[in-house]
Amino acid sequence: MKKLTQFIVFDCEAFFKDKVLVVIDKRIWKEYQTGKERGTEYEIGIIEDNTKYVLKDGETATNRSDKFKAHIEGKKDLSVPINAVVKLINPRGIVSGDYKNQLSVIVDGLEIVS
C-alpha cells in the first residue's frame, strides 16, 4: 500500500507536553527541488525530556538531545534568537523516514519561554 503516512495523526500536544525545547539554528525555508521560498525553518533541540513513555521490560527511551525542524509556512520570521527556550504555537507534526523516526513540524510561530 502507498501513501499510508498521509493518514497517520501525530499528537503534538502529548509529545511536546513534558519537553523543553531550544532553538539551535534558523534559516529561510526553501523547497528542495525548486529553491522557492516557503517561509522560515527553525532547527529545534530537545534539551529536557520528562515524558513517561510506554516501555517493554528492560527498555528505556528518551528524545533528549534529538533535533527536528519546525517550519513557519508563508512567513519569514527569523526574530527568535538561537539558544532561546521556546514553545511551539499550534504545532502539526509529520512523521517520516523508513523507520518512522523522523519528525517535521509545521507551526504558526514560536513563543519564547522566559
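Reader: In E3, what is the bridge partner of Glu-41?
Author: His-71 is the bridge partner of Glu-41 in E3. This is a predicted model, in which local features need pLDDT of at least 70, side-chain atom pairs count only at pLDDT 80 or more, and totals for chains, interfaces and linings use all residues. Residues are numbered from 1 along each chain as its sequence is written, and side-chain values use heavy atoms, with hydrogens and water left out.

Reader: How many bridges join E2 to E3, and how do the strands run?
Author: 7 bridges join E2 to strand E3 (residues 67-73), and the two run antiparallel. Strands here are DSSP runs of E with at least two residues, numbered from the N terminus, and two strands pair if DSSP finds at least two bridges between them.

Reader: And what about E1 and E2, how many bridges there?
Author: Strand E1 (residues 19-30) is joined to strand E2 (residues 37-49) by 11 bridges, also antiparallel. Leu-21 stands opposite Ile-46 in E2, and Lys-26 stands opposite Tyr-42 in E2.

Reader: What lies between E1 and E2?
Author: The two form a hairpin with 6 residues between them, and Gly-35 in the turn has a positive phi of about 80°.

Reader: What is the strand order in the sheet?
Author: The order is E5-E6-E3-E2-E1-E4-E7, an open sheet of 7 strands with mixed pairing. Strand E5 (92-96) and strand E7 (109-112) each have a single partner strand, so one side of each lacks a neighbour in the sheet. On average, neighbouring strands of this sheet are turned by 35° against each other, direction ignored (axes are lines fitted to C-alpha atoms, and angles run from 0 to 180 degrees between N-to-C directions).

Reader: Changing topic. How many aromatic pairs are there?
Author: A search of the whole structure finds 3. Phe-15 and Phe-16 form an edge-to-face pair, 5.1 Å centre to centre with 80° between the planes. Rings of Phe, Tyr and Trp (its six-membered ring) pair if their centres lie within 6.5 Å; planes under 30 degrees apart count as stacked, over 60 as edge-to-face and the rest as tilted.

Reader: Which residues do the ring pairs link into a cluster?
Author: Phe-10, Phe-15, Phe-16 and Phe-68.

Reader: Is Phe-15 buried or exposed?
Author: Phe-15 is buried, at 17% relative accessible area. Phe-16 is buried too, at 12%. Buried means under 20% relative accessible area, exposed over 50%, partly exposed in between (1.4 Å probe, protein chains only).

Note on methods: Helices (H or I, at least four residues) and strands (E, at least two) are DSSP runs, numbered from the N terminus.
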